[in-house]
Amino acid sequence: MNIGAPPGLSVQTMLQTHETTIASPGTGIRHRGNIGCTPARQREAVLDAVIVGGGPAGLSAALVLGRARKRVMVLDTGKPANAASANAIGGLLSQDGVTPAELRRSGREQLAEFPTVEIRDDAVVDADLAGAGLWVRLGDGPDVRTRSLVLAHGLRYDPPSLPGVEGLWGQSVFHCPFCDGWEVRDRPLAVHGNGPAAARSALVLSGWSNDVVLLTDGPSSLNGELGPLSQAGVRVREEPIRQLVGHDGRLDRIEFADGPDERREALFVRTSREQPNGLAAALGCELGDGGTIETDIDGRTGVSGVFAVGDAATDHSRSVANAVGTGSRAAYAVALDLVTAP
């Protein structure tokens with residue numbers, strides 16, 4: 001696709017460069033320049049924004065920027081964080097029940113209307129600071145120069161290592177009651193975890209069902225939480241879990257090292273979360289305690305020209321609806337910053 005190229009000169013030609021890359025010792029950032037007999041760089045097309053990630057946040061940002069007639073490239077590996085889920089997206093206004101794949105496909109179709117937006121199925125393997133802009137290195141194709149970079153690549157969610165969880169993850173083992181609680185309402189539910197945070201999760205889940213059990217998977221570290229749990233009708237079991245048993249993605253029961261099985265139809269767990277790649281760290285973006293990228297209210301990181309949106313930069317209340325909103329809001333900031341950027 002020709003994005004802002006002069007007549008007779010394609011973007012492919014404009015982005016082809018001949019350069020030498022020199023690593024700066026002890027840093028994740030490389031500096032580029034023409035050295036020795038390296039031919040002079042051909043005329044370059046500088047994009048207004050490169051968006052890393054083609055999920056709800058990235059596509060939302062691309063929509064706003066496309067409508068603003070900004071030159072945008074969306075890079076998508078096709079491996080969304082919610083790929084393991086076969087369930088529909090819940091809580092998204094006017095789109096309740098749509099699957100993640102359908103939402104992404106619909107978003108791509110909508111963006112096809114805008115000639116300044118290109119969606120490319122490719123990965124970003126590196127990003128370098130380069131004066132007033134950035135260089136983005138792709139897994140396949142020439143490097144791309146851009147005035148701003150939007151990290152919308154989500155988070156990597158890993159469930160706890162419970163035997164049997166693999167075949168149930170995203171279908172009857174979940175991590176967000178606001179996303180999936182409605183679909184399993186009034187059923188026998190369980191929460192896996194220990195301590196005050198797990199107790200709070202069990203209390204929240206009791207709003208969807210009056211049959212909730214908190215599984216501490218060993219001696220509990222509960223104290224003052226026992227009273228509120230009892231008042232809410234939440235039982236507590238401390239026996240170590242032996243395995244989760246189910247079929248076709250549906251949880252049937254939870255077996256323990258000692259004691260009777262627990263018949264449950266859904267289990268909510270706490271996941272470990274981390275960035276899916278090293279881009280944020282390499283660029284010098286600050287990460288919070290929860291592994292998400294620190295930003296201001298409009299998605300700006302501490303690195304000039306670098307923005308982060310969606311789950312990658314959301315410490316809590318992560319949802320598709322929130323991701324769409326953060327992508328849209330950051331795109332406004334990108335467009336406004338470009339007005340005064342050199």
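A pocket, as meant here, is an open set of grid points with protein on both sides within 12 Å along at least five of seven lines, and its lining residues have an atom within 4 Å of a point. Keep in mind that this is a predicted model.

**Stop 1: the second largest pocket**

Start with H175, C176, P177, S201 and R270. They lie nearest the centre of the second largest pocket, which has 30 lining residues. The space inside is about 890 Å³. Now colour the elements that supply two or more lining residues: α4 (177–180), β13 (189–192), α5 (195–205) and α8 (320–340). Which element gives the most to this lining? It is α5, with six residues. Then colour the lining by residue class. There are 14 nonpolar residues, 11 polar and five charged.

**Stop 2: the parallel sheet**

Zoom in on β13 and β14. The two run parallel and are joined by four bridges. Select V191 and look across to L214 in β14, which stands opposite.

Stay on β14 and show its side chains. In a regular strand the side chains alternate between the two faces of the sheet. Are the faces of β14 (residues 212–215) covered or open, and which residues show what happens there? Both are covered: V212 and L214 are buried on one side, V213 and L215 on the other.

Move on to β15. Three bridges join β14 to β15, again in parallel. L215 stands opposite R237 in β15.

**Stop 3: R237**

Select R237, in strand β15 (residues 235–237). Is R237 buried or exposed? Its relative accessibility is 9%, so R237 counts as buried; the cut-off for buried is under 20%.

Next, display the polar contacts of the R237 side chain. One reaches the backbone oxygen of P260 at 2.8 Å. Another is made with the side chain of E262, also listed at 2.8 Å.

**Stop 4: the antiparallel sheet**

Now show β16, β17 and β18. These three strands form an open sheet in that order, with antiparallel pairing. β16 (241–247) and β18 (262–263) each have a single partner strand, so one side of each is left without a neighbour in the sheet. E262, the side-chain partner of R237 from the previous stop, falls in the range of β18.

Focus on β17 (residues 250–256) and β18. They pair over two bridges in the antiparallel sense. Pick R253 and find its bridge partner in β18: R263.

**Stop 5: D248**

Finish in the loop between β16 and β17, where D248 is found. D248 counts as exposed because its relative accessibility is 65%, and the cut-off for exposed is over 50%. Then draw a distance from the C-alpha atom of D248 to that of L168. The separation is 7.9 Å, although the two residues are 80 apart along the chain.

Technical notes:
Residues are numbered from 1 along each chain as its sequence is written. This is a predicted model: local features need pLDDT of at least 70, side-chain atom pairs count only at pLDDT 80 or more; totals for chains, interfaces and linings use all residues. Side-chain values use heavy atoms; hydrogens and water are left out. On a 1 Å grid over the protein atoms alone, a cavity is a set of points where a 1.4 Å probe fits but cannot get out, and a pocket is an open set with protein on both sides within 12 Å along at least five of seven lines; lining residues have an atom within 4 Å of a point. Grid points are joined across faces, edges and corners, and a volume is the space filled by probe spheres set on the points. Ala, Val, Leu, Ile, Met, Phe, Trp, Tyr, Cys and Pro count as nonpolar, Asp, Glu, Lys and Arg as charged, and the others, Gly among them, as polar. Buried means under 20% relative accessible area, exposed over 50%, partly exposed in between (1.4 Å probe, protein chains only). A polar contact is a pair of N or O atoms within 3.5 Å; within protein, one must be able to donate a hydrogen and the other to accept it, and residues adjacent in sequence count only if both atoms are side-chain atoms. Two strands pair if DSSP finds at least two bridges between them.
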